[in-house]
Amino acid sequence: MSAGFKVVIPARYGSTRLPGKPLLDIAGKPMIVHVCERALEADAEQVVVATDDQRIFDAVGDLGLLAVMTDPNHQSGTERIAEVARTMGWADEQIVVNLQGDEPLIPPAYIRDAALALVGQDQAGIATLAAKILDVEEIFNPNAVKVVLDKNGYALYFSRAPIPWNRSTFPDQHDIASSSLPHLRHIGMYAYTVGFLQRYCGWSASPLESVESLEQLRILWHGERVLVRIVDKTPEAGVDTEEDLVRVSRRLQEKLALLC
C-alpha cells in the first residue's frame, strides 16, 4: 500500500449553533480554508472539500482549492467522502483521511499519523488516533470517548464509560495513578482505504452504536478491525460555539504573530 494519502473535508453550511460555520472568518480567512491549509501542511497528495452548498463550493474554488458537490441527502460525512472517492475514481487501496471542517487547530502531524498507520499492515482498512488520559475527571466524563486496545494496537471497544474499569480503586475513589494500564481518549480523526469506505457505507447500523451514540462501533459490530495510533496529547477542541470561535481566532492570531 502506497504511503501517499488524500484528505477529504466534509463541509455543510447548516449548523444549529453556528449557521454558515465553514465560511466564518478566522484571522482573515474562512475557517474551511484554515482546515485545508492544515491538510496541505500534512503533505497530503490532494485535498478536497466535500459539500452540498454552492456558497462553500464557490468560496473554496475562488481561493484555488478543490471542492466537489455531493448529494444533499447524505446522513453523514462518511457517506459524503465515499461519494467523492467514487466521483474522483480513486482505487480501492487509496488512503483517504476524513478531516472535520471545524478543526482549524488540528496538528498536521496527526493527519499524517492517521494516514500512515495503515501503511505496511493488512489487518485493518481504517485507522484512528488516541491519547493518554492524564486527568482523572476525563475518565468519568461521558463526552470523552475512551478506547481499549489489544496488544497489537487494534481497538477492542470504544465507550463513553470509564474503560477499562479499575476494580480495585474506582468503586471507592477516582484514582488514575494506581492503574497499570493507561486510559486512552479516542480522537475522532479517521483514515480509510477507499475499499473499506465503500464497504462501510453498505452496512446497517448496529445496536451498540445506538446505545453508546458512537458510530465507530458499527465497524467492530460487523467484525472488522480498527487500528489505533497513539499520539502525544488530545488536540485543542474545534469550533462548535461562538465561544469556540473567539478562542480559535485568538490562537490562530497568536500563531500568525509568531511567524511575522
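Q: Where does Pro164 lie?
A: Helices and strands are DSSP runs numbered from the N terminus (H or I over at least four residues for helices, E over at least two for strands). Strand E9 covers residues 155–159, and strand E10 covers residues 184–193. Pro164 sits in the loop between E9 and E10.

Q: What kind of model is this?
A: Residues are numbered from 1 along each chain as its sequence is written, and side-chain values use heavy atoms, with hydrogens and water left out. Local features need pLDDT of at least 70, side-chain atom pairs count only at pLDDT 80 or more, totals for chains, interfaces and linings use all residues, and the model itself is predicted.

Q: What is omega for the peptide bond that joins Ile163 and Pro164?
A: Most peptide bonds are trans. The bond from Ile163 to Pro164 is modelled as cis. Its omega is about -10 degrees.

Q: What is phi of Ala27 near?
A: Most residues other than glycine have a negative phi. Ala27, in the loop between strand E2 (25–26) and strand E3 (29–30), isn't a glycine, yet has a positive phi. The value is near 55 degrees.

Q: Is Ser213 buried or exposed?
A: Ser213 lies in the loop between helix H7 (207–212) and helix H8 (217–221), and has a positive phi near 55 degrees. The cut-offs are relative accessible areas: buried is under 20%, exposed is over 50%, and partly exposed is in between (1.4 Å probe, protein chains only). Ser213 has 52%, so it counts as exposed.

Q: Which residue of E10 is the bridge partner of Val147?
A: Strands count as paired if DSSP finds at least two bridges between them. E8 and E10 have two bridges and run antiparallel. Val147 has as its partner in E10 Leu184.

Q: Which residue in the turn of the E8 and E9 hairpin has a positive phi?
A: E8 and E9 are antiparallel and joined by four bridges, with Lys146 opposite Ser159. Five residues separate the two strands. In that turn, the residue with a positive phi, about 90 degrees, is Gly153.

Q: How far is the C-alpha atom of Phe140 from that of Arg160?
A: Phe140 is in the loop between helix H5 (136–139) and strand E8 (146–149). With a relative accessible area of 23%, it counts as partly exposed. Phe140 and Arg160 are 20 residues apart along the chain, and their C-alpha atoms are separated by 8.2 Å.

Q: Which residue of E6 is the bridge partner of Lys6?
A: In E6, the partner of Lys6 is Val96.

Q: Why does Ile32 count as buried?
A: Ile32 is in helix H1 (residues 31–41). Beyond residues up to four places away in sequence, it touches Ile9, Ala11, Pro22, Leu23, Val49, Val60 and Gly101, where contact means heavy atoms within 4.5 Å. Ile32 counts as buried because its relative accessibility is 1%.

Q: What is the relative accessible area of His34?
A: His34 is also an H1 residue. Leaving out neighbours within four places in sequence, its contacts are Ile26, Ala27, Lys29, Pro104 and Leu252. His34 is buried, and its relative accessible area is 4%.

Q: What is the relative accessibility of Thr51?
A: Thr51 belongs to strand E4 (residues 46–51). Setting aside its neighbours within four places in sequence, its contacts are Ala11, Ile56, Phe57, Val68, Met69, Thr70 and Arg80. Thr51 counts as buried, with a relative accessibility of 0%.

Q: How far apart are the axes of H1 and H4?
A: Two packed helices are described by the angle between their axes and the distance between the axes. Arg38, Ala39 and Glu41 of H1 meet Pro108, Ile111 and Arg112 of H4, a contact with three nonpolar, no polar and three charged residues. H1 and H4 (residues 108–116) pack at an angle of about 60 degrees, and their axes are apart by 7 Å.

Note on methods. Axes fitted to C-alpha atoms, helices over the stretch in contact; angles between N-to-C directions. Nonpolar A, V, L, I, M, F, W, Y, C, P; charged D, E, K, R; others polar.
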